[in-house]
Amino acid sequence: MLVDLLGGDEMAPMYVIRILSHCNNRKKTQIEPMQNPGLKALCRYDGDAELLESSLLESEWIEKTETGYDVPKFAEHNAQLVNSWENGKKGGRPKKNPI
């Protein structure tokens, strides 16, 4: 769908991979603070920043927030990883045999 929305741009899957990699590296499902020029730079997209943003929004890869974007499909497809991030903030997995 994203390829079609971007006028047949065969690099569209790479833009999604770059967004997902950014989330993975930052251990967040949000891209913030950022507006569409920053999103264009993140994806290394050569076209119009507004077209990229609207296409990613329409294909539901991102959702607009007050400060940037949310990437709901990252959490959906990587639920176990996101849970591990949250557990890590709490000190990690509890010990099985506390001393």
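A residue is called buried here when its relative accessible area is under 20%, exposed when over 50%, and partly exposed in between, with a 1.4 Å probe and protein chains only. The structure is a predicted model, in which local features need pLDDT of at least 70 and side-chain atom pairs count only at pLDDT 80 or more, while totals for chains, interfaces and linings use all residues. Residues are numbered from 1 along each chain as its sequence is written, and side-chain values use heavy atoms, with hydrogens and water left out.

With a disulfide taken as a pair of cysteine sulfur atoms within 2.5 Å, the count is zero. Cys23 is in no disulfide, the nearest cysteine sulfur, that of Cys43, being 10 Å away. Cys43 likewise takes part in no disulfide, and its nearest cysteine sulfur belongs to Cys23.

| Residue | Relative accessible area | Class |
|---|---|---|
| Cys23 | 0% | buried |
| Cys43 | 0% | buried |
| Glu53 | 12% | buried |
| Lys64 | 41% | partly exposed |

A salt bridge requires a side-chain nitrogen of Lys or Arg within 4 Å of a carboxyl oxygen of Asp or Glu, and a search of the whole structure finds one. Lys64 pairs in this way with Glu53, the closest N and O atoms being 3.3 Å apart. Because Lys64 lies in strand 2 (residues 63-64) and Glu53 in helix 4 (residues 49-58), the pair ties together parts that are 11 residues apart in sequence; helices (H or I, at least four residues) and strands (E, at least two) are DSSP runs, numbered from the N terminus.
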